[in-house]
Structures are given as structure tokens and as C-alpha cells.
Amino acid sequence: MLALRNHIDKLNAESQAKLNQLLLKEFSWKLGIKYEEAQLNSKKTKKRDVTIADIDALEPFHWGYHFDKVFERGGFDAIIANPPWEIFKPQAKEFFAHHSNLVTKNKMDIKTFEKEQKKLLQNPEIAAAWLAYKNRFPYVSSYYRSAEDYRNQISVVNGRKQGTDINLYKLFLERCFHLLRDSGECGIVIPSGVYTDLGTKQLREMLFSQTEVTGLFCFENRKSIFEGVDSRFKFVVLSFEKGGKTQAFPTRFMRHEVKELQDFPNSDDIELDVDLIRRLSPDSLSIMEFKQTIDVGIAEKMTRFPLLGEQIEGKWNLKLTRELDPTNKKYSYLLQSEFFQESFPIYEGKIIHQFDHKFALDQVKNWLKKEDEKEFRQIILGERESDLGQKMDYQDYRLGFRKIARNTDIRTMISTIIPANNFCSENFQVALSFDENGNRRIKYAEMLMLCALWNSFVVDFMLRQRVSANINFFYVYQLTIPRLQKGDQWFDEIVERAAKLICTTPEFDDLAAEVGLSSHKNGVTDEAERGKLRAELDGIIAHLYGLTESEFTHILSTFPSLPKKPNKPPSPPLKTLPTTPKSLP
């Protein structure tokens with residue numbers, strides 16, 4: 001028996017060597033991948049050819065060799081998988097935790113860690129081990145980005161590649177697809193990003209067009225199904241059959257009990273139509289978290305309006321931007337942590353709230369001195385553009401929203417307009433005021449109208465069914481928004497109410513005058529009156545989308561800050577509003 005075992009081991013070793021040589025040819029000849037050697041004190045890498053030793057170090061598993069009989073009949077009949085949920089890239093804290101008791105993965109701030117890392121790298125053995133560890137990733141990442149077996153890892157949305165990080169769960173999902181025979185079935189436990197994230201768009205396209213999805217069951221980890229995972233984290237049990245095409249599939253979202261899987265799917269579950277997904281999210285194929293059939297009907301009504309990211313001639317069009325990263329070394333040296341008499345605050349998302357630019361103004365962490373404004377302007381403009389005193393976005397009123405927001409929070413979209421002469425950090429995302437020719441992209445009244453729409457329960461309801469942890473630009477561009485302008489029904493009513501909510505301090509006098517409010521003195525600061533204005537806005541906006549009272553009442557019941565069964569929708573009652581014209585944009 002020992003001789004037989006040794007003979008088998010020898011054959012396996014010889015076969016592995018030959019197969020590794022074939023893989024080396026794929027890396028080097030077919031894909032042109034180079035091995036990148038990291039340098040200790042430089043971001044540059046030294047490139048060389050991939051060698052057989054590099055391939056051997058990966059210990060690749062050759063499925064076709066080890067399961068030759070399975071693949072002679074086309075692949076596996078069934079696969080059940082719970083793959084790792086990790087980004088494939090060097091994890092510095094994880095590495096240095098093996099070399100220092102001071103380093104912990106979650107509880108050490110970045111500056112303290114960088115100081116300890118610099119100290120540890122003075123040890124030649126640790127430095128060599130760190131470089132060897134970093135070198136394991138780039139050439140393998142290049143393979144995953146270009147190999148035919150992983151062609152659905154990189155998504156292209158609006159001409160741009162999305163999801164640049166390689167996530168192991170995404171690799172496993174595509175690998176499972178290839179390992180199945182036609183009509184083979186897969187059940188896999190993976191993060192909810194598979195149905196929401198831009199970086200998984202191409203995987204969704206693969207599932208919709210090359211498989212029949214048989215179920216999408218989403219858990220929220222409130223009852224610690226997975227220990228050590230955040231209670232708000234969402235993951236799914238996804239099942240599909242290879243071959244064919246998906247027309248519709250059963251879904252269940254935001255569940256907490258594993259035992260619910262026993263009766264999934266059943267007749268009460270929502271059959272989500274792929275055609276509706278394509279209409280709601282034509283560019284991303286993101287799946288909204290419909291929890292009841294009424295949600296689907298509401299979504300259908302919303303599709304009659306254009307996507308906010310769609311460029312429409314003759315209408316206002318929006319372009320969003322991230323302004324400043326306070327850690328960016330190009331200009332971070334100019335930012336101060338103390339307030340000076342002549343200085344600009346750097347707005348963060350937490351500083352604002354709905355219709356409120358000063359919600360937590362006392363928590364501003366970074367300031368720019370007035371005396372440094374000229375230097376800062378030139379940094380923003382860059383080397384190719386001269387500072388001729390042209391008016392820049394920071395010198396005007398700006399509409400923006402918090403980037404960090406979960407769909408389990410009291411509100412997901414938190415938006416307001418901030419006064420002129422303020423800069424914004426990357427977690428307070430803003431709409432550009434001017435185009436490249438210095439022309440205004442969106443008028444003040446239109447900014448107020450859009451701010452009211454963003455802060456409405458209706459739009460928030462639409463957004464929170466897409467967002468997991470952050471509101472990135474694409475989620476906002478995918479909102480279906482009426483492009484109301486001066487002269488359209490309800491435009492003036494919305495603008496007037498929004499102006500009263502926002503123009504409450506002298507900084508807003510120019511904005512107030514522009515939209516007919518005269519000055520901030522006509523703004524409303526009384527909380528009861530502000531609540532009434534907001535309720536009226538919510539009622540008007542619900543009507544714009546053509547919602548019935550029961551549909552709007554349902555929307556209100558989904559927000560944790562409100563009673564589950566509100567007695568009535570906010571005034572004015574929907575039934576008192578006239579029918580919206582069909583010509584509405």
C-alpha cells in the first residue's frame with residue numbers, strides 16, 4: 001500500500017508540475033502578466049517575468065485534473081458554498097499584528113499604526129517578510145482581472161470600470177458557475193453586495209442571462225447568525241441553476257431568523273421581475289430591497305420619471321463631485337485643526353442635517369485660513385489652469401448630502417444647501433454649481449426643489465432599498481426624479497417651502513432674495529412650523545409620483561422614526577391635490 005501511495009504521489013507531483021507550466025504560459029504569454037517586486041521606501045515596483053517558482057508558490061488547484069470524471073460529463077450537479085468575504089489585497093494591520101502586541105486590526109487609529117509600522121520596518125527581517133507578503137498579490141490580482149474564467153469580475157458602468165478591488169466572494173461565485181454542468185444547481189452564502197454594488201453588475205448580468213436564479217434570501221445579522229460580524233451587515237443565500245435565462249425569481253429581504261429558510265420560497269414571497277430591474281436600474285442592474293408587493297407597485301410608478309443622471313436637453317442637469325480629502329498630502333498641510341477669525345470651515349457629512357447647514361457646526365475638525373486661500377485655489381485648479389480670479393464652486397451656494405448613510409438608519413438621504421465660502425470634505429458630496437465655461441448648471445430655485453425631493457420620504461424610500469452603507473454618486477444618479485422647472489405645476493410651492501426651511505441665517509439672504517423670500521427673516525425656525533412645512537412638502541411630492549394615500553402611508557410605516565401605522569399622511573391630504581399633468585418631466 002505504501003508503494004502504491006508513493007506512486008500516486010509521484011504521478012500527482014509530475015502532473016501538477018506540467019499543469020503549473022501551462023498556467024505559467026497563460027500568465028506570461030497569453031495575458032502578459034509581470035511579477036511586481038515592492039520596494040521598501042518607494043511606491044514604485046520592480047517588474048520581472050513570472051517564473052515557475054511564483055506559480056508553484058500559489059499551490060494552484062487544477063479542477064480538471066482532480067475531478068476529470070466529473071468534467072467528462074460537463075461538471076458538478078450541485079455546489080454548496082460559503083466562501084471568504086475578503087478583499088484580495090495586503091492587510092497591513094493583519095500582517096504587523098504578528099510582529100507587535102501594539103497592533104490590533106480594529107482598535108488602532110491610522111496615525112498610531114503608521115508610527116508603529118515605521119518602527120517595525122527598521123528590523124531587516126520584518127522588512128523582508130513584509131515585502132515578500134506584499135509581492136504575493138499584484139500578479140495574482142492581474143490574473144483575476146484579465147483571465148477568461150473571471151471575465152465577470154470587472155463591471156463597466158457608463159463607460160467606467162467599477163469595483164477595482166478583487167473580492168474573494170465574487171471570484172468564488174464565478175468559479176461555481178464554471179464548475180457546474182448545464183442544469184447544475186448552486187447555493188452560496190455571500191454578502192448582499194452581490195445584488196446592490198456597482199462592482200458586481202457584471203455578475204448580475206451573468207446570473208440573469210446565463211442562469212435561472214431560483215432564490216435570493218437576504219439576512220440582516222441582527223441575531224448574530226455569524227459571530228464577530230456587525231449586526232447591521234447583510235448577507236444572502238443565493239441559489240441558481242446554470243443554463244437558460246432568468247425572467248423572475250423569488251426574494252425575501254431583511255430577515256433575521258435562519259428557520260425562515262425552511263419555507264422559502266412560498267406564495268407570499270415577491271417574484272421580482274428582471275425586466276423591472278432593468279427599467280429601475282438600466283445601467284447597474286442593482287436590485288431594490290422590496291419587502292412587500294406594494295413596494296413593487298410604487299417602484300413601477302416611479303419609473304415614469306427620468307434617471308437623475310440622464311442628460312436631458314432643455315432641462316437642468318446635475319453633476320456631483322467629491323471635493324476634498326483632508327488626508328491628501330497635496331493640501332492637507334494647509335488645513336488647521338483650530339478656528340481662526342479669518343478662515344473657511346471644511347464641511348463634513350455629520351455637520352449637516354435635512355434642511356439644516358448648522359446641525360453640528362461646532363464639530364468642524366478642519367479649517368482653511370483666509371491667507372491660504374490663494375494657494376489652495378491654485379492646488380484645486382491644478383497646473384494646467386491659471387487662477388484668474390474666476391468664481392469657483394466654493395464661493396457659491398451648494399447643494400449636497402451625506403455620503404455615509406445606511407438603509408437601516410432613521411433617514412438615509414440627508415441633504416441641505418450650504419452657504420458660500422465653505423469647502424467640503426469627501427464625505428459631504430456636493431453638486432457642481434458651474435460648468436467648464438463658467439455657466440450655472442442649476443439655478444438656486446432648482447437646487448431648493450431638488451433638496452426638497454431628496455429629503456422627502458418618497459425619494460428616501462426609493463434610495464434606502466438600494467443603499468447598504470454609503471450613498472455613492474451612482475445611487476443618486478439612478479434616482480428617478482421629476483425635472484421640475486419654473487412654470488411647472490407645484491414648482492413654486494415646493495421652492496417656497498424649501499426656502500423657508502433653509503434660509504434661516506443671514507448667509508442665505510442672497511438665495512432668499514433670488515427665489516422671492518426677500519431675506520432670511522422670512523425663514524422659519526419654529527420647530528412646529530418647520531414640521532408643518534416638511535409635512536406639506538412630503539404630501540406634494542408623494543402626489544407628484546402619483547401615489548395613493550395607502551401607498552404613501554405604507555412608505556411612512558417603513559421608517560423607524562415613525563409609527564408603524566400612522567393615522568394619516570402628512571398634509572395636504574393627497575386626495576385634495578389635482579391630477580398631475582401628463583406633460584410633467
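## The largest cavity

In this predicted model, the largest cavity has a volume of about 80 Å³, and the structure holds three cavities of 30 Å³ or more. The lining of the largest cavity is formed by Val194, Tyr195, Arg204, Leu207, Phe208, Val213, Leu216, Leu238, Phe249 and Ile287. Sorted by class, these lining residues comprise nine nonpolar and one charged, with no polar residue among them.

Two or more residues of this lining come from each of helix 10 (193–196), helix 11 (201–210) and strand 7 (211–220). Of the contributing elements, helix 11 gives the most, with three residues.

## Packing of helix 9 against helix 11

Helix 11 also packs against another helix: its axis and that of helix 9 (residues 168–179) come within 11 Å and cross at roughly 20°. Because angles under 35 degrees count as roughly parallel, helix 9 is described as roughly parallel to helix 11. The crossing of these two helices is left-handed.

On the side of helix 9, the contact is made by Lys170, Leu173, Glu174 and Phe177, while helix 11 contributes Leu203, Met206, Leu207 and Gln210. Taken together, the residues of this contact divide into five nonpolar, one polar and two charged.

Definitions and conventions
Residues are numbered from 1 along each chain as its sequence is written. This is a predicted model: local features need pLDDT of at least 70, side-chain atom pairs count only at pLDDT 80 or more; totals for chains, interfaces and linings use all residues. Side-chain values use heavy atoms; hydrogens and water are left out. On a 1 Å grid over the protein atoms alone, a cavity is a set of points where a 1.4 Å probe fits but cannot get out, and a pocket is an open set with protein on both sides within 12 Å along at least five of seven lines; lining residues have an atom within 4 Å of a point. Grid points are joined across faces, edges and corners, and a volume is the space filled by probe spheres set on the points. Helices (H or I, at least four residues) and strands (E, at least two) are DSSP runs, numbered from the N terminus. Ala, Val, Leu, Ile, Met, Phe, Trp, Tyr, Cys and Pro count as nonpolar, Asp, Glu, Lys and Arg as charged, and the others, Gly among them, as polar. Axes are lines fitted to C-alpha atoms, for helices over the stretch in contact, and angles run from 0 to 180 degrees between N-to-C directions. Angles under 35 degrees count as roughly parallel, over 145 as roughly antiparallel, 65 to 115 as roughly perpendicular and the rest as oblique. A crossing is left-handed if the near helix is turned anticlockwise from the far one by less than a right angle, and right-handed if clockwise. Contact means heavy atoms within 4.5 Å.
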